[in-house]
Amino acid sequence: MPIRIAVIGSGPSGFYTTDALIKTDADVEIDIIDRLPTPFGLIRAGVAPDHQSTKRVARAYERTALDEHVHYIGNVEVGRDVSIDQLRDLYDAVVVAIGMPGDPALGIPGDDKVGVVGATKFVGWYNGHPDFADFQPDLDTKAVAVIGNGNVAIDVARVLVKTKTEMTETDLPTKIGDYIQQAPITDVYMFGRRGPVEAKFTNVELREMGHLENASPIIDPDCLPDEVTGEWSDRDRRLRDRNLQTMRGFPDSVSDAKAKRVHFAFYAQPVEILGDDKVTGIRMEKTQVVDGRARGSGEFFEIECALVVPAIGYALQPFEGLPVDDKTGCTANDNGRIAEGFYAVGWAKRGPSGVIGTNKPDGKMAAEQILEDFSEGGKLGHDGLVALLGEKDVKWSDFDDWQTINEEETTNARPGAPREKFLTIKDMLAVVDKA
Ligand code: NAP
């Protein structure tokens with residue numbers, strides 16, 4: 001009997017696990033279960049719409065999905081349509097590849113005001129994720145404060161200041177792009193609680209900021225050290241040195257040539273969100289870095305803005321029955337193993353770090369563990385799940401359905417754009433029903 005495996009989540013870590021399993025000689029059958037009819041997780045809804053070359057990795061995932069040992073089961077939410085106990089009864093092995101789709105709280109007074117929008121929500125919104133179809137941030141503001149110095153912060157800043165032309169050949173939904181373009185935003189402040197050396201931007205993303213059509217990166221040259229000091233590996237030192245070189249090329253003052261600015265504002269931590277119900281500004285404290293950590297200096301300043309986007313990492317959104325490690329915030333696991341026949345991969349295993357390819361070794365490790373733990377299977381797998389979903393009247397969708405949605409989105413694209421995304425599950429399934 002084949003070993004029957006359920007992979008929950010169809011983002012990179014789910015696909016790398018599936019791919020590693022089918023590349024072994026073992027007799028395996030894999031169901032990839034996702035709560036959306038559209039696969040690929042963060043590739044579709046997290047990677048910035050103007051980074052289409054990064055999204056091309058989905059072509060390899062598509063080949064994996066089309067393998068005869070693999071089924072895609074979309075529009076099925078674990079915890080709502082099927083419980084984890086039911087899946088563990090139906091499959092020999094269950095792999096949790098759900099990423100970290102939540103926003104951690106900023107943890108300062110006022111962080112629940114209207115106008116504080118976590119990056120997961122903000123990025124999900126501009127990427128047309130159906131969870132945010134009813135949401136629209138208030139962009140009626142000249143300034144925006146983005147908290148954090150990682151690649152997500154830089155993505156948010158860039159998408160807010162790029163021109164319509166720059167965003168044409170992207171999968172930014174047209175109505176969201178138009179909404180961003182009509183906003184009066186001129187200044188995006190990207191606050192880092194530590195300095196330029198500690199910033200987590202990768203160099204390609206940083207360099208891109210120097211080549212925007214109508215926005216300049218602004219930096220105070222006094223905050224740029226002559227060299228990278230501190231304890232770093234050789235590789236990290238080289239990467240940080242490259243970032244410093246890039247930032248040295250950024251202007252230190254407002255140029256008249258460009259109408260918008262992204263301020264790289266280092267050594268500043270948020271202490272309070274200002275306003276009544278709605279955000280009217282943010283109060284920041286200047287910091288120093290002591291022993292690698294940000295320490296408040298007691299010197300404060302404020303900026304006026306109606307939107308604050310904390311881009312400070314991600315939080316797990318566990319379904320019932322998924323053990324969580326309170327210390328790490330990840331799935332409680334030992335090198336990927338949660339319990340017998342129960343595994344975690346990707347961000348759900350190790351937290352929100354690394355690039356897309358970082359998930360590949362996780363998938364390989366999970367595949368090896370599964371094959372160590374099982375030489376053959378004995379459970380019902382796909383047929384059992386399909387029967388259960390039928391009994392519960394759950395309208396699930398398969399990979400053919402995704403290909404129908406994909407074709408329609410591609411057909412509907414504005415000139416130059418790769419697709420025009422459907423923004424609701426209802427609209428996606430209507431296309432499938434029509435086909
Ligand atoms: P990240 O790289 O970990 O950056 C998080 C930032 O938030 C850091 O600057 C951190 O500062 C700051 N921060 C955390 N808590 C804070 C607080 N309470 N107050 C103020 N600042 C706070 O995370 P990310 O940007 O969410 O990215 C997640 C992963 O996805 C990363 O590995 C990233 O490279 C990857 N990613 C890659 C791309 C790409 O390749 N283009 C695009 C998007 C995401 P400290 O350093 O001081 O903790």
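A: Two strands pair if DSSP finds at least two bridges between them. Strands (E, at least two residues) and helices (H or I, at least four residues) are DSSP runs, numbered from the N terminus. This is a predicted model, in which local features need pLDDT of at least 70 and side-chain atom pairs count only at pLDDT 80 or more, while totals for chains, interfaces and linings use all residues. Residues are numbered from 1 along each chain as its sequence is written, and side-chain values use heavy atoms, with hydrogens and water left out.

Let's begin with the three-stranded sheet. It is open and antiparallel, in the order β9-β10-β11. β9 (268–274) and β11 (293–304) form its edges, each pairing on one side only. From one strand to the next, the twist averages 25°. Between β9 and β10 (residues 281–290) there are six bridges in the antiparallel sense, and Ala268 has Lys286 of β10 as its bridge partner.

Now for the six-stranded sheet, which is also open but has mixed pairing, with the order β3-β2-β1-β4-β14-β13. Here the edges are β3 (70–73) and β13 (337–339), and each of them pairs on one side only. The twist averages 20° from strand to strand. Within this sheet, β1 (residues 3–8) runs parallel to β4 (residues 93–96), and four bridges join the pair. You can find Ala6 opposite Val94 of β4.

With a relative accessibility of 16%, Ile338 counts as buried (under 20% relative accessible area, with exposed over 50% and partly exposed in between; 1.4 Å probe, protein chains only). Leaving aside residues up to four places away in sequence, Ile338 is in contact (heavy atoms within 4.5 Å) with Val96, Leu322, Pro323, Thr331, Ala332, Asn333, Tyr343 and Ala344. Val96 is 242 residues away from Ile338 along the chain, yet their C-alpha atoms are separated by 9.3 Å.

Finally, look at the helix on this sheet. α1 lies across β1, β2 (28–33), β3 and β4, and runs at about 170° to β2; axes are lines fitted to C-alpha atoms, for helices over the stretch in contact, and angles run from 0 to 180 degrees between N-to-C directions. α1 (residues 12–22) also packs against α12 (residues 359–373), at an angle of about 45° and with the axes 7 Å apart. On the α1 side, the contacting residues include Tyr16, Ala20 and Leu21, and Gly363, Ala367 and Ile370 are among those of α12.
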